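Please look over the sequence and the structure before reading on.

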Amino acid sequence: MDLSQQPVYSVPKPSHGRNRPTARQRGAISTKVRRELRERSGGICELCKNNLATEAGHTLRRWRIEERTTVQDVCHLCNACHTKCDTTRDGRKFLEQFRNIQYAKLKYGDDWAEGLMIDQAVNVHSPAVGD
């Protein structure tokens, strides 16, 4: 069949835009979230509790975030702990448990999750990278 002789029917481009923000947009950390994160952590790494926190690490991969990033979706980390969280199984496990604790605090209040946070931090927390 020779397609060169067939008429070409153009289809107009849809007038609607993207329905859902991109993963990059959903993962963007707003100034408000950064301020809330600093208030929560006091500027100290939430994993090792020793170093100055300089980075905000997502507790859930950007492409898995449904809406916009909230303070419950990030953890304040030092550089070494952020690297550990992104590259090791123990680090990912810590971030998953940390996120669960943050959402439990949001849903049930700080008092309910406090004991849980101490128990899980002891079980997951291992020496920082380079120790």
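Which residues does Leu95 touch, leaving aside those up to four places away in sequence? With that exclusion, Leu95 is in contact with His58, Thr59, Cys75 and Cys85. The model discussed here is a predicted one.

**Overall arrangement**

The protein chain contains five helices and two strands, and along the sequence they follow the pattern α-α-β-β-α-α-α. Of the 131 residues in the protein chain, 34% are buried. The accessible surface of the protein chain amounts to about 9300 Å², and carbon and sulfur atoms account for 51% of that surface. When contacts between residues at least 6 apart in sequence are considered, 64% of them join residues at least 24 apart.

In soluble globular proteins, nonpolar side chains tend to be buried together. Here the largest nonpolar core has eleven residues: Cys45, Leu47, Cys48, Cys75, Leu77, Cys78, Cys81, Cys85, Phe94, Leu95 and Phe98. Strand 2 (74–77), helix 3 (79–87) and helix 4 each contribute at least two residues to this core. The most comes from helix 4, which supplies three residues. Another core, of six residues, lies apart from it and includes Ile29, Val33, Val71 and Val74.

**Helix 4**

| Feature of helix 4 | Value |
|---|---|
| Residue range | residues 89–108 |
| Number of residues | 20 residues |
| Reach from first C-alpha to last | 28 Å |
| Expected reach at 1.5 Å a residue | 28 Å |

At the start of helix 4, a side-chain oxygen of Thr88 comes to within 3.0 Å of the backbone nitrogen of Gly91. Gly91 is itself one of the buried residues of helix 4, along with Phe94, Leu95, Gln97, Phe98, Ile101, Gln102, Ala104 and Lys105. After helix 4 comes Gly109, which has a positive phi, near 105°.

**The aromatic pair**

How many aromatic pairs does a search of the whole structure find? The search finds one. Phe94 and Phe98 form this pair, with 5.6 Å from centre to centre and 35° between the planes, and the pair is tilted. Because Phe94 and Phe98 are four residues apart in helix 4, about one helical turn separates them.

Note on methods
Residues numbered from 1 in each chain as written. Predicted model: local features only at pLDDT ≥ 70, side-chain atom pairs only at ≥ 80, totals over all residues. Heavy atoms only, no water. Phe/Tyr/Trp six-rings, centres within 6.5 Å; stacked < 30°, edge-to-face > 60°. Core = buried A, V, L, I, M, F, W, Y, C linked by side-chain atoms within 4.5 Å. Buried < 20%, exposed > 50% of the residue type's maximum accessible area, 1.4 Å probe, protein only. Contact = heavy atoms within 4.5 Å. Areas by Shrake-Rupley, 256 points an atom, 1.4 Å probe, with all protein chains shown as cover. Expected span 1.5 Å × (residues − 1). Polar contact = N/O pair within 3.5 Å; in protein donor to acceptor, adjacent residues only side chain to side chain.
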